[in-house]
Amino acid sequence: MRTSRFSLGSGSTYAEVTTFVLNEFPAIDAKRDLHQLARTLTFTQGALVMATQSDANSEVLAWLEKARTRSLLKGGKRRYYLLAYLVNEELQGRGENVEAYAIALDVLGRGAGFDPNTDSIVRVEVARLRDALELHYARSQDASEPRITIPKGSYRPKIELATHT
């Protein structure tokens, strides 16, 4: 078993996470995949620090991990990355500030020249995510899982925790 010479903490930068990923996962050779993985690790790392402070956050993060590992939201990695990004921004108190431009760059791999007025990719992907969430909850029999919705006209998720009796 290899050990990493890098230690990721809650203040890890994107560059530190990228270096960590390159060292820990040498088989990754596609630049886009590397950056996508590093971004996801960065968001997850920050959220995991918060999870130790809040049982509610832990519950949401555990469901996100379950959604990823069990492919609860059909549609591939992009859909999970988008949901993880939006939820983590919300859990870290930045949900109201999320904009299409940031989603395009941070999640969808678009360049700095992205224009949300001429490129609808963010609106399309969020609509697909919204539909996937609605379909999942319509089919799910698990009343104990948190419910995440994304209201139309917004990128800010609403998170409702299950009531435990």
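Which residues touch the most other members of the largest nonpolar core? They are Leu-83, Leu-86, Ile-103, Val-122 and Leu-133, out of 32 residues in that core. A nonpolar core here is a set of buried Ala, Val, Leu, Ile, Met, Phe, Trp, Tyr and Cys residues joined through side-chain atoms within 4.5 Å. Buried means under 20% relative accessible area, exposed means over 50%, and partly exposed is what falls in between (1.4 Å probe, protein chains only).

A word on where the picture comes from. This is a predicted model, with local features needing pLDDT of at least 70, side-chain atom pairs counted only at pLDDT 80 or more, and totals for chains, interfaces and linings using all residues. Residues are numbered from 1 along each chain as its sequence is written, and side-chain values use heavy atoms, leaving out hydrogens and water. The protein chain has a mean pLDDT (the predictor's confidence in each residue, from 0 to 100) of 75, and 65% of its residues reach 70 or more. Residues 1-8 stay under 50, and the pLDDT is also below 50 over residues 28-32.

As for the overall layout, the protein chain has 6 helices and 2 strands, arranged along the sequence as α-α-α-α-α-α-β-β. Helices (H or I, at least four residues) and strands (E, at least two) are DSSP runs, numbered from the N terminus. Of the 165 residues in the protein chain, 36% are buried.

At least two of its residues come from each of helix H3 (55-69), helix H4 (77-91), H5 and H6, and H4 gives the largest share, with 9 residues. In soluble globular proteins, nonpolar side chains tend to be buried together. H4 itself is mostly covered, as 13 of its 15 residues are buried. The end C-alpha atoms of H4 sit 21 Å apart, which agrees with the 21 Å that its 15 residues should span at 1.5 Å a residue; the expected span is 1.5 Å times one less than the number of residues. After H4 comes Gly-93, with a positive phi near 85°.

Leu-83 shows who meets whom in this region. Beyond its neighbours within four places in sequence, Leu-83 is in contact with Trp-63, Leu-64, Leu-73, Leu-129, Leu-133 and Ile-148. Then there is His-136, which lies in helix H6 and counts as buried at 11% relative accessibility. Setting aside residues up to four places away in sequence, His-136 touches Trp-63, Leu-72, Leu-73 and Glu-145.

The structure holds 3 aromatic pairs. Rings of Phe, Tyr and Trp (its six-membered ring) pair if their centres lie within 6.5 Å, with planes under 30 degrees apart counted as stacked, over 60 as edge-to-face and the rest as tilted. One of the pairs is Tyr-80 with Tyr-81, tilted, at 6.3 Å centre to centre and 55° between the planes; Tyr-80 and Tyr-81 are both buried. In another, the ring centres of Tyr-101 and Phe-114 are 6.4 Å apart and the planes are at 40°, so this pair is tilted as well. Tyr-101 in helix H5 (residues 100-106) and Phe-114 in the loop between H5 and helix H6 (121-139) are 13 residues apart, and the pair links distant parts of the chain. Tyr-101 is partly exposed, at 33% relative accessible area, whereas Phe-114 is buried, at 9%.

Definitions and conventions: Contact = heavy atoms within 4.5 Å.
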